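Work through the exercises below with the sequence and the model at hand. Each task is followed by a solution in steps.

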Amino acid sequence: MKKKVQHLAKPFFIIVAVMVLLFQSGCGFKDIDKRIFVLSIGIDHTKSEEKPFRVVLKLAVPSGSIKQSGTEYTYLTEESESISTAIRILKSQTDKELDFGHAKVIVFGEEVLHHELEEIIDFFLRRRDIQMISWVGVGQPSAESVLKAEPESEMAGSHALFNFFDQNGVESSLIVTSYLFDFRRRVMETGIDPILPVLNTSEDKKRIEVSRAIVVNSDKKPVELNEKQATIYNLMGNNADRYDVRVKNDDLNFTVAIDTSKVTFDINTDSKQKPIIKMDIEMVGIIQEADVDTDSSKLHTYSEVTSKTVKKDVTEVLTMFQEEGLDPLGFGLRYKATRLNNNKRYEEWKELYPKVTFEVNAKASLKSTGVIE
Amino acid sequence: MSRYFFYLVFVNMIANVVASVPKILLEKKSEGAIASMLLSIFLGLALCYIVARFFNSFPGKGLPELTQKYLPRWFANLLLLFIASAWYIAGLITLVTYTFLLKRFLTPDMPLVWITSIFLLFLSYGVLMKTSSVLYTIELVLLCCIPINVLIMFKSYVTPELEWDFISESIMHAYELPSFTALSASTYLLVGGFNLIIFNRFFTKKHKITGKQILFIGMLGIGSLLTTYFIPIGMNGFESVEMIAYPWIITADTLRLNLGVIERILFVFLLLYLAISFLSLLIHWHVAIELYKSVITFKRLTYKGKNLTPLLFIGLFWFGSIQVTKYLTEYQLTLYTSYFYNLLLCSLIGMVGLFWFIVRRAKS
């Protein structure tokens, strides 16, 4: 009999060990129906000194069946002295736990950019549950209006703001994307300036438009890029392969659709008085639209004209960057990255940049005139 | 060499990401981190070769058997206790770092002591296993982990957001003189072979380490060092990267598997490193407990023919770990870790002297 008890000892201990796991049930884990998911976060700047931040959260309302209820969102808004206090107050306004794990878009009001960017992004970097791969943008007229806009094409389960930046939905050469980590490194580092897309809403809040961008230069001054400049920035930064060029020649007007492009640049500072930034652009594309009959045998001529147009456009944008002191492409960074460190490379670059001349070599090759000639 | 030797080396290489090696290296980024890394490859490989050659000539024997045979008894015991404590601390660093990580990222609502205890519960069982079982566990877990690890590394190199200009900017600091702290931290990657002091008991057959094998370890070592140091810089910038508390965790969060099962690699990464840091802990503490056992065994503490002294050590391990986890802050952890690596490197070089002495005694 005694032997039998000993035999049972081992299974007994195993069972006890397993039973102990039952006590482990509630390690602060909240069920999914006790959580509400934040989709996007908006930060606006109020004019007041005491409560400078206005935080807007867009929440997805859980519903039993999507077919019946459609998409529903709800919003929480609070003004406070800091973002985290605002969120603490907002927590008392919902019956569920606010979950930031799915917040993928952060929108800043334009006014925010005039303040210390480090301070504002600090909250998002310090918190563990905000994704570093969330997208950052600037809201016009305010972050709140962008968040509250509900485009008609928006379906249940697919947030329109996500689709703008996610390369699965729309792919447009006008949309500049900036991840939070990318924004952080551009803010923190010298020699490369932060660039953010501008999200613009119409009056009736039925439309969001993302076609422009804002660059914050090293003097913390935000400068807006228009549609064309944003597209060319995307081309130069190798962010988008697709790019449309409108060629206007004396007797020949056509539009080229570029489908592959590669842009490289390097900095030549052999003479300190006349530094040169050499940019090479290689593009392959087809003619998309023309107002005259095109001739396949003349593709070579068309390519040359296209190259010339691109060269002109790019040089214009680069000159504008230089005049405004913008550096979203990281010329200063490249300068530091190709010269041995002496702890004052960036100061050197700040003196050199206004003196730089741009040499743009564009080489477009058109492969076809499209389906018709 | 047997393949198990390579597992011991690899675990140290991969697990360094969770230990404070990247943090220490990034703090020294403009004080000669690159030169130190370069030096550490040679130093680490030399150490690896020496330890493998030494134990090749004593198949089936661990360091305790050798020291107790060829050295005065009291000196051997003192030495073994010292080495055992070093291995215990090495494991402790992994444990505390990973506990902090879990607390920060996966289970923020759980008390620190709880997290440590759950870790310790599984470890207590693991370290008491036979040496051979420990090695089999390592093989199995490592083989499951390596594909995911390779995927994440591959992804980090091909992601378009990786800014090579930042990496190149950091290379522009290559001319700076190496720093000892950075050297010892990066050598830590390559000293996994030293676990042979206990695990050699398993290698009873005659083995020989060849030049090709050292070259293979060297290639992997260079690869993991470069990845450890340069990828966080490429993703987070150069000038402000040392402000990040956990460089590699944030780096893992900057990677995005667009159409993957999980979009945020961070969580895959954390679970992967949970397994790997467990392995690293298992190895270090198995060595530590075997060393302690070889020095201190209470004959009286026997129950049904089994000696219970190891359980006593496990109890001490628990006590020590929980106290340390409660006491340390993140800043202190990195600071003390760097001190530990400095001390470890010196002791390992001292150990080479010991090897030389033992070989001479054995010959005469």
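Helices (H or I, at least four residues) and strands (E, at least two) are DSSP runs, numbered from the N terminus. The model is predicted: local features need pLDDT of at least 70, side-chain atom pairs count only at pLDDT 80 or more, and totals for chains, interfaces and linings use all residues. Residues are numbered from 1 along each chain as its sequence is written, chains are lettered from A and ligands numbered from 1 in the order in which they are written, and side-chain values use heavy atoms, with hydrogens and water left out.

**Exercise 1.** Locate B:Thr131 and state whether B:Thr131 is buried or exposed.

Step 1. B:Thr131 lies in helix α7 (residues 131–158) of chain B.
Step 2. Buried means under 20% relative accessible area, exposed over 50%, and partly exposed in between (1.4 Å probe, protein chains only). B:Thr131 has 14% relative accessibility and therefore counts as buried.
Step 3. Contact means heavy atoms within 4.5 Å. Leaving out residues up to four places away in sequence, B:Thr131 touches B:Phe199, B:Phe202 and B:His286.
Step 4. The side chains of B:Thr131 and B:His286 also make a polar contact of 3.1 Å. A polar contact is a pair of N or O atoms within 3.5 Å; within protein, one must be able to donate a hydrogen and the other to accept it, and residues adjacent in sequence count only if both atoms are side-chain atoms.

**Exercise 2.** Describe how strands β8 and β9 of chain A are arranged.

Step 1. Strand β8 (residues 208–216) pairs with β9(A) in the antiparallel sense over 4 bridges; pairing requires that DSSP finds at least two bridges between two strands.
Step 2. One bridge joins A:Val215 to A:Val223 in β9(A).
Step 3. The two strands, β8(A) and β9(A), form a hairpin with 5 residues between them, and A:Lys220 in the turn has a positive phi of about 65 degrees.

**Exercise 3.** Characterise the interface of chain B and chain A.

Step 1. Contacts link 36 residues of chain B with 32 residues of chain A.
Step 2. About 3000 Å² is buried between the chains, with carbon and sulfur atoms giving 51%. Buried area is the accessible area (1.4 Å probe) that two parts lose on being put together, summed over both.
Step 3. There are 4 salt bridges between chain B and chain A, a salt bridge being a side-chain nitrogen of Lys or Arg within 4 Å of a carboxyl oxygen of Asp or Glu. B:Glu263 and A:Lys104 form a salt bridge (3.0 Å, N to O).
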